[in-house]
Amino acid sequence: MILTRRIGISMRVVCSEYGETRDALARDWPVLLEKLGRAHACAPEWFLLPNIGEDCVSLARRYGIQGLLLTGGDDIGTTPDRDATENALLCWAAGERLPVLGVCRGAQMLARHAGAELAEVQRERHVAARHGVTWRAAGEQASFWRQALPGQGKTEVNSYHNWGLLPAACPDCLRIAAVCPEDGSIEAFYHASLPWLGIFWHPEREKTPCATDLAILYNLFANA
């Protein structure tokens, strides 16, 4: 299957030296999406979504957005405009049953949207560090996720987050897909009834794209 879905990408908030508030996306993401396209025959179409609150939903509709990529950066609560924008987009995506990938902060947004309480994680293990993750097999009722995710084995990932999700705080609507074996914190989860996936690492920051990450992106946005 050729990846043709148009995805909307959220951006972090930055303030210029002139005091102007701007939205920004690391160049790593366009580079990774082009590599994804070369790996799977066709690059996805993508559109940058500004942090303009609920008005972003009408913009997404107008440009035919068919999936969301919520990127990293900005702790939740520090950028109200971004928080409001992503929450509005998630409400819309839930109603339309659109696929969503949350990366790092994006995963935190998915978890919070599902009602989870986040917890601080060990900085020495999760901030500017690398560690392994252990994958868990999806349940019998999650046929899509059994095909879309590794389901077993281990992967090494990068880590740049202060806040995470612990198993005890995982809402009933979310399923654990991968954990950090060293402290038990959740590293990946999926929604029980929506094509939503959260991961706490950054695929775009790897010098050489991880084949597992590319497969996850392709499966979510091409087949969900």
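Accessible areas here come from the Shrake-Rupley method with a 1.4 Å probe. With the whole chain of this predicted model shown as a surface, that area comes to about 10,500 Å², and carbon and sulfur atoms hold 48% of it.

Next, select the C-alpha trace. Along its principal axes the trace spans about 45 × 40 × 35 Å. The radius of gyration is 16 Å, which agrees with a compact globule, because a chain of 224 residues would then have a value near 17 Å.

Colouring by burial then marks 50% of the 224 residues as buried.

Select the charged side chains. The chain carries 22 positive and 26 negative ones, and the centres of the two sets lie 5 Å apart.

Two stops in the backbone remain. Most residues other than glycine have a negative phi. Arg 97 is not a glycine, yet its phi is positive, at about 55°.

Then select strand β8 (residues 127-135), which contains Ala 128. Ala 128 also has a positive phi of about 55° without being a glycine. Is this residue buried or exposed? Ala 128 counts as exposed because its relative accessibility is 61%, and the exposed class begins over 50%.

Methods: Residues are numbered from 1 along each chain as its sequence is written. This is a predicted model: local features need pLDDT of at least 70, side-chain atom pairs count only at pLDDT 80 or more; totals for chains, interfaces and linings use all residues. Side-chain values use heavy atoms; hydrogens and water are left out. The radius of gyration is taken over C-alpha atoms; the globule rule is 2.2 Å times the number of residues to the power 0.38. Buried means under 20% relative accessible area, exposed over 50%, partly exposed in between (1.4 Å probe, protein chains only). Lys and Arg count as positive and Asp and Glu as negative; His and the chain ends are not counted. The place of a charge is taken as NZ of Lys, CZ of Arg, CG of Asp or CD of Glu. Helices (H or I, at least four residues) and strands (E, at least two) are DSSP runs, numbered from the N terminus.
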